[in-house]
Amino acid sequence: MIAPLNHEQLLDLRQCLERGLPLVSRPYENLAEQIGAHHRQVLQQMQQWQEQGLFRRVGLVLNHRALGYVANAMLVLDVPDALIDEVGQRLGRAPGVTLCYQRPRRLPHWRYNLFCMVHGRERAAVQAQIQALLDQHLLADLPHHLLFSTRMFKQCGGRFAPPPSQVWAHG
């Protein structure tokens, strides 16, 4: 068994992971260098955090616009509460749907409770894809609206480690 990371290395690793994996061929070795550890210690700690439920997976956030996906739309639907799970699961598995999630209605101004994201290269193609989804899943008669994004916001994962200015030495 490899020696565990010390307290300072643990905090440093959390901050590094929150910024995302480095875009290098050996990211865990790079992280280990940054915190003064061995890459096996980094992997061991990440495994421990995963087993403790601190995170479920390591993901990737793509800049879809840089890849040419500039016609991105959120389909919002007002689905009867009794059907929300079934409809959400069906749409979430549908080809071309990249996100599908439930949110509470905000009556009286916002009646929609199911959100589905579709990314595409051309607006007309995305509109046709959404209409096909609605028709195929017999949802066209439900109140819905299609919202195209007009700009991209920075995407990042959760932030949980304290900023460096709030880390005090233990004595």
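Colleague: Which residue follows α1?

Modeller: Quick ground rules: this is a predicted model, where local features need pLDDT of at least 70, side-chain atom pairs count only at pLDDT 80 or more, and totals for chains, interfaces and linings use all residues. Residues are numbered from 1 along each chain as its sequence is written, and side-chain values use heavy atoms, with hydrogens and water left out. Helices (DSSP runs of H or I, at least four residues) and strands (runs of E, at least two) are numbered from the N terminus. The residue after α1 has a positive phi, near 105°, and is Gly-20.

Colleague: How far does α1 reach from its first C-alpha to its last?

Modeller: α1 runs over residues 7-19, which gives it 13 residues.

Colleague: Which helices do the buried residues of α1 pack against?

Modeller: Buried means under 20% relative accessible area, exposed over 50%, and partly exposed in between (1.4 Å probe, protein chains only). In α1 the buried set is Gln-9, Leu-11, Leu-13, Gln-15, Cys-16 and Glu-18. Contact means heavy atoms within 4.5 Å. The partners are α2 and α3.

Colleague: At what angle do α2 and α3 pack?

Modeller: Axes are lines fitted to C-alpha atoms, for helices over the stretch in contact, and angles run from 0 to 180 degrees between N-to-C directions. On that basis, α2 (residues 27-35) and α3 (residues 39-51) have axes 8 Å apart. Angles of 65 to 115 degrees count as roughly perpendicular (under 35 is roughly parallel, over 145 roughly antiparallel, the rest oblique), and α2 and α3 are therefore roughly perpendicular. Their angle is about 100°.

Colleague: How many nonpolar residues are in the contact of α2 with α3?

Modeller: On the α2 side you've got Tyr-28, Glu-29, Leu-31, Ala-32 and Ile-35, meeting His-39, Val-42, Leu-43 and Met-46 of α3. Ala, Val, Leu, Ile, Met, Phe, Trp, Tyr, Cys and Pro count as nonpolar, Asp, Glu, Lys and Arg as charged, and the others, Gly among them, as polar. That leaves 1 polar and 1 charged residue, and the nonpolar count is 7.

Colleague: What's the crossing angle of α1 and α3?

Modeller: The axes of α1 and α3 come within 12 Å, and the two helices are roughly perpendicular. Leu-10, Leu-13, Arg-14 and Leu-17 of α1 make the contact with Val-42, Gln-45, Met-46 and Trp-49 of α3. By class that's 6 nonpolar, 1 polar and 1 charged. The crossing angle is roughly 75°.

Colleague: Is Gln-45 buried or exposed?

Modeller: Gln-45 sits in α3. Skipping neighbours within four places in sequence, Gln-45 is in contact with Leu-5, Leu-10 and Leu-13. Its relative accessible area is 8%, so Gln-45 is buried.

Colleague: Which peptide bond is cis, with omega near 5°?

Modeller: Head for the loop between β2 (97-102) and β3 (114-120), where Pro-108 is placed. The cis bond goes from Leu-107 to Pro-108.

Colleague: What is the relative accessible area of Leu-138?

Modeller: Leu-138 lies in the loop between α5 (123-136) and β4 (144-148). Its phi is positive, about 55°, although Leu-138 isn't a glycine. Leu-138 is exposed, at 76%.

Colleague: How far apart are the C-alpha atoms of Pro-143 and Tyr-112?

Modeller: Pro-143 is also placed between α5 and β4, and is partly exposed at 28%. Beyond neighbours within four places, its contacts are Val-76, Leu-77, Asp-78, Arg-111 and Tyr-112. Pro-143 and Tyr-112 are 31 residues apart along the chain, with their C-alpha atoms separated by 8.0 Å.

Colleague: What's the relative accessible area of Val-87?

Modeller: Val-87 is in α4 (residues 84-93). Not counting residues up to four places away, Val-87 touches Val-79, Leu-114 and Leu-139. Val-87 is buried, at 3%.

Key: The expected span of a helix is 1.5 Å times one less than its number of residues.
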